Amino acid sequence: MTDRPTSAIPDPAAPDLPGAVDLAGFIERLRTLRAHAGSPSFRVLAKRVGPLLKPPQDVTHSTISDVFDPTRRRLNQELVVAIVLALGVPEAQVPQWRSACLAAHAAHRRPAEPTGVFRQLPAELATFTGRREELASLMALVDAAGAAGTPDSQNSDFQNSDSQNSDLQNSDLQNPDSQNSGSQASDSQDPAIPHTVVVSAIEGMAGIGKTQLAIRAAHELVRAGRFADVQLYVNLRGFDTEAAPADPADVLDSFLRQLEVPARRIPAGLAERAAMFRDRIAGRDALVLLDNAADEAQVAALIPADPRCLVLVTSRRTLAGLDGARLLRLDVFPLRDALNLLARVVGQERVAAEPDAAVQVVRLCGLLPLAVSLAAARLRSRPAWTLARLAAHLRDSGLDAVRAGSRELRPVFELSYRELPASTARAFRLLSLHPGRGFTAGAVAALTGTSDAAAQDALEALLDENLVEQRTADRYELHDLLHAFALERAEADESAAERDEALARLLSWYLHAAENVSRAVETRRLLETLPARPGEPAPPRFASAPDAMAWYDAERENLSSVLGCAARTGRHDLALRLPVTLLGCYQLRKDWARWRAGYETGLDSARVVGDRTAQGRLSNGLGLALFDLREYAEAIDVYGAALALAEEVGSRQQVASILGNIGDCHCRLGDFATAENVIRRSLHIFREIGDPQNLASSLCNYGVLLHEAKRLPEAHDTHSEAWAAARQAGNRRYEAIIAFNRAEVCMDLERPADAEADYRLALTAAREAGDRPTEAEALRALARPLRALGRGDEARAVLGAAVAVFEALGSPEAAATRELLASLGG
């Protein structure tokens, strides 16, 4: 409800409807209408107008008073419509006021700009910080072009450098010859290729600092003696809250006036104006800064042809389609530059007094320059606040906290979001539900319930709008603050049921993808799978174990987040299955922290739903993790609980498996008698039920026990039986481990030739299984029999290969292996 008058304005006292007037005349009609309505105060009008806007919003009295300022050069049409309604104009007459507003803008002509204003660059921002590599890239591009221009080569991109060596001092340009690994622009000169104007398009997400970088670069170039004749600047308003994007024809009209073309000689058409602009600027050492471009079409006619010109374009939308343009993509600040910006605004002494809180503030701002600047300005206006207080405010209030005075971040994001097609906007909203950091088209297809192709199209569209980031091929990320904005939009525009189903599809898709990984990596029996959700796309399939493990490596962080999300949201059936499914991956990658945490989470979920079978499987898997971590006594306790559960549900196979694991723990603790007794019980059950895979595992444990007990011939025979069982089961990973263990026995039996053969068997099987840790161990161990056989060069070669694999795994064993290689003179 509003308090605006609902009756029509009575005649004949009512002011005439606006006719063909200019903007000043239209505003005068608005002033007359307000007087006729009793001259309500601007505060009263603001309260009436806010609910009439779409969507309703709070409006300040100063916003309303500005509309009645006769010196205004443009008006927000929707705000005008709400004002005339609030002043009592009948709904039937509103379209005439709207049309009159449009006509007044069209009829409005700005007073002629002073001609010959050739130096139009805006002032540099006093707090400009960092961007040293980017500035150097721009200067290098101009220097490479030289006075005669640059080759008209294909588009090439400058990738932003995230170097932590960025200078904390206000940036000076680096030596143009300094190395810039991100620059791919050609600086060669080919006389056979015609020279053309240099165009650099600076793009990136909203608030990344594109405009300030372009202005700083322009001033640096002018100070260096470049482009001294003409510097033209225009804000193209590609993303503006109050005005439509600038018409290129109007921009050219202004440029031509600056170039001293009399108004009467300026042609009417865009093409003719563009031709005249190119003619008038030819022969001049000119810089044209086109700020905030909407797209390539808006700037195409504004680019000169003279190779002595430089055009800098900024846009939050990719301009990859702009012929000949060099693209410079901006990323968020490195931490040091973000801290430097904070210090420039609030004072170095405040940052130095609370260094940890300062880091929290800039990280909560996502290292986004505009966000850091707004948060810093807010702190500067509150001298009683500490940085810790600001950090707490940012944590508690999210996007609402990223503001200073009338400036805030949310409307900046809103401008990019509202231009998206409906399907792309929906994909953007649903991205906020992903529990992990990065995502693929497959995951987005699961969230949106669409095909991979449709999801890929949406991601590419969002990438073009710089609403998502692409760190590596086929993987995307949302900036933290854009994530918060997307979540707001999801909560506003998607029902709770829609959000819940989207998340359910995503989690289910990850479970089914992980099951396909497990099937490719090992033959372990999984818990009964869950059915696919309605609209859930098919999960990826894998042709080999290495392919499957590559997917796991890329998704391991997401899988941990998915597991935690499933447990938190009460999807316990999924949470108890996922860690069991991933056991082979955990073992292959020695992913102990995720392994232990995942099994503990899954075990909690199994207890919640009372699934005793799952509790037994999860307790056993948790015991395996503790065993790998050499926490043998704790592992025996966990295995004991698992054994009781297995006996309760009557799973002889599970009982035998757990007994073998318990025996292995006792073996490692040196209690060989207990170990042998328990493992023999395990072997008896596996032989009875005819399970070759688990028999292989239990025999392997028994062989290790016999080896530890120095019963070497028995150990060798036991490992041979285990290897045959693994071959029967088709488990290449087990074959690799057992062959490795038998080789170790052969070395103690002083049979190096047999040891070499077994280590090579282990190496081949490990590679086929994608078991890189066992591959590395086999390579390192293979050097022992090779040295014993007098083949030192081969020993050094396999050690070098082992170092490479350990390094690829990020294993600390790389250093020890490198030392061993050095001791052999390699």
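How many bridges join strand β6 (residues 286–291) to β7? Here are a few notes on that and on the rest of the fold.

1. The model is a predicted one, in which local features need pLDDT of at least 70 and side-chain atom pairs count only at pLDDT 80 or more, while totals for chains, interfaces and linings use all residues. Residues are numbered from 1 along each chain as its sequence is written, and side-chain values use heavy atoms, with hydrogens and water left out.

2. To the opening question: 4 bridges join β6 to β7, and the two run parallel. Leu287 has Leu310 of β7 as its bridge partner. Strands here are DSSP runs of E with at least two residues, helices are runs of H or I with at least four, and both are numbered from the N terminus; two strands pair if DSSP finds at least two bridges between them.

3. Strand β7 itself (residues 310–315) is mostly covered, with 6 of its 6 residues buried. Buried means under 20% relative accessible area, exposed over 50%, and partly exposed in between (1.4 Å probe, protein chains only). Leu310, Leu312 and Thr314 point one way from β7, while Val311, Val313 and Ser315 point the other way.

4. You will also find an open sheet of 3 strands, ordered β11-β13-β12 with antiparallel pairing. Its edge strands are β11 (438–439) and β12 (469–472), each pairing on one side only. Between β11 and β13 (residues 475–477) there are 2 bridges, and Gly438 stands opposite Glu477 in β13.

5. In soluble globular proteins, nonpolar side chains tend to be buried together.

6. Beyond its neighbours within four places in sequence, Leu342 is in contact (heavy atoms within 4.5 Å) with residues including Gly347, Val351, Ala358 and Leu387. Across the protein, residues 24 or more positions apart account for 70% of the contacts with a separation of 6 or more.

7. A search of the whole structure finds 14 aromatic pairs. The rings of Trp509 and Tyr510 have centres 5.0 Å apart and planes at 75°, so this pair is edge-to-face. Rings of Phe, Tyr and Trp (its six-membered ring) pair if their centres lie within 6.5 Å, with planes under 30 degrees apart counted as stacked, over 60 as edge-to-face and the rest as tilted. Trp509 counts as buried at 3% relative accessibility, and Tyr510 does at 0%.

8. Tyr586 and Tyr599 form another edge-to-face pair, 6.4 Å centre to centre with 65° between the planes. Tyr586 lies in helix α24 (residues 583–588) and Tyr599 in helix α25 (residues 592–609), 13 residues apart. Elsewhere, Phe413, Tyr417, Phe428 and Phe485 form one aromatic cluster.

9. Two arginines deserve a look. Arg34 lies over the face of Phe42, 4.1 Å from the ring centre, and the charged end of Arg742 sits over the ring of Trp723, 5.6 Å from its centre. The criterion is NZ of Lys or CZ of Arg within 6 Å of the ring centre and within 35 degrees of the ring normal.
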